[in-house]
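Let's take a walk through this model, one region at a time. Keep the sequence and the 3D view open as you read.

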Amino acid sequence: MLDVLGIIFAHSERENLRELTDVRTLASVPMAGKYRMIDFILSNFVNQDIGDVSIIARNRYHSLLDHLGVGREWDLIRKRGGLRILTPYGQASTNTHAMYRGTIEALAANMHSFRRSMAQYVILAGSCMIYNMDFEHILKSHIDRGADITAVYVRRPGGRMSIPLHMPILHMDEEERIMDLQVNGDDMTPNDSPWGTGVYVIRKSLLESLVADAMVGGRYDFQQHIIQRLAPVLKILGYEYKGHLMEVSTVSGYMQANMAFLDPAVRSQVFAEPIYTKIKDSVPVVYSHGCCVKNSIISDGCHIEGTVENCVISRNVRIGKGAVVRNSIIMQHTEVLSGVSLDHVILDKDVMVRENRSLSGHSSYPVVVGKGSIV
């Protein structure tokens, strides 16, 4: 077991997923059919023998609590360590509304929990990216190079041709020492620039000290007020991750990430190690006579009577007779009735699309129908 405490932020300050996060936090947004965003990073920790994991929630975390439970599916029911879900309410907080203002305040409000961990090192991670990182190698590099903080960065992950807006761009010297950090605010940034994944390695005692100092000074953002501000003082080094990575912070990015799972090469990289999720004992898919399914992920419990092409379908979805669904994402317990036409559409959970309705979006701006809607 690695001597590491994993800390995952369940939300992102830069997310813009519109209706998809109106009722849930980013970490519990459905992905690739039967999974949630949190499943990928949490499974990455577990597969690297990190059995002490804390998840910091901010708001709309009820579906996250329901999904994770006590961590049984991830083998995180432990006498020491295990899974802890830390919510902003019920914590002593300097904020009148008990809602932390940034990542530093989130860490400060839960520091009493982190101090109970026996781990010497902490790996901080967000919930907006999907990857399979070798945390053991990253930790070894951190120790061998004598770094105070190691920041994991990427260049054009998965062949991506542009850097997402508001991502931290790292400025490093030839020895990968971070000299400065800036936020990508336009399309003029060179596409091969190193941008941060939000994964940081740091000694727990140093993290405690830096967080306490930042709180005294009224500073709340980890990237801006620790990485950028202290780059000239601390030895903050970069570590390049060269594996496959998908970033999800916008609706179009969410659509692209789901569609990427239809590629066998992507699935083989993401699922190179097991990805665990909440177990639901559903019946197999029913494919009715005359239906047509091409290049799609169909989860258990579905009933397909119409045509489905290039789609990601979650559990217990019904596609009616004569319905044509293309390039779309359909979430749990949704019913698409007969004669419906959908193209580049995202239907959230418990949606009903009545007979002969037609919805069409674009890959760069899909149509999103909120949870529980009737069209």
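Which residues in α8 are buried? They are V251, G253, Y254, M255, A257, N258 and A260, where buried means under 20% relative accessible area, exposed over 50% and partly exposed in between (1.4 Å probe, protein chains only).

## Ground rules

This is a predicted model, in which local features need pLDDT of at least 70, side-chain atom pairs count only at pLDDT 80 or more, and totals for chains, interfaces and linings use all residues. Residues are numbered from 1 along each chain as its sequence is written, and side-chain values use heavy atoms, with hydrogens and water left out.

## Helix α8 and the cores

Helix α8 covers residues 251-260 and is mostly covered, with 7 of its 10 residues buried. Helices here are DSSP runs of H or I with at least four residues, strands are runs of E with at least two, and both are numbered from the N terminus.

Y254 turns up again in the largest nonpolar core: of its 69 residues, M31, Y131, F135 and Y254 touch the most other members. A nonpolar core is a set of buried Ala, Val, Leu, Ile, Met, Phe, Trp, Tyr and Cys residues joined through side-chain atoms within 4.5 Å. The biggest giver to this core is helix α1 (residues 37-47), with 7 residues. Leaving out residues up to four places away in sequence, F135 touches L2, I41, N44, F45, Q48, I50, I123 and V199; contact means heavy atoms within 4.5 Å. There's also a second, separate core of 32 residues, and L5, I104, L107 and A214 are among them.

Now for the strands, which count as paired if DSSP finds at least two bridges between them.

Another open sheet of 5 parallel-paired strands runs β14-β17-β20-β23-β26. Its edge strands, β14 (286-287) and β26 (352-353), each pair on one side only. Here β20 (residues 318-319) and β23 (residues 335-336) are parallel partners over 2 bridges, with E335 in β23 as the bridge partner of R318.

## Two loop residues with positive phi

H333 isn't a glycine, yet has a positive phi of about 55°. H333 is in the loop between β22 and β23, and counts as partly exposed at 41% relative accessibility.

D350, also a residue other than glycine, has phi near 60°. D350 lies in the loop between β25 (345-347) and β26 and is partly exposed too, at 38% relative accessibility.

## Rings and a charge

Rings of Phe, Tyr and Trp (its six-membered ring) pair if their centres lie within 6.5 Å; planes under 30 degrees apart are stacked, over 60 edge-to-face and the rest tilted. That gives 8 aromatic pairs. For Y200 and F222, the ring centres are 5.2 Å apart and the planes at 55°, so this pair is tilted. Y200 is in strand β11 (residues 195-203) and F222 in helix α7 (residues 222-230), so the pair ties together parts 22 residues apart in sequence. Y200 is buried at 5% relative accessibility, and F222 is buried at 4%.

Ring pairs also link Y35, F40, F261 and F271 into a cluster. Finally, the charged end of R18 sits over the ring of Y365, 4.3 Å from its centre; that label needs NZ of Lys or CZ of Arg within 6 Å of the ring centre and within 35 degrees of the ring normal.
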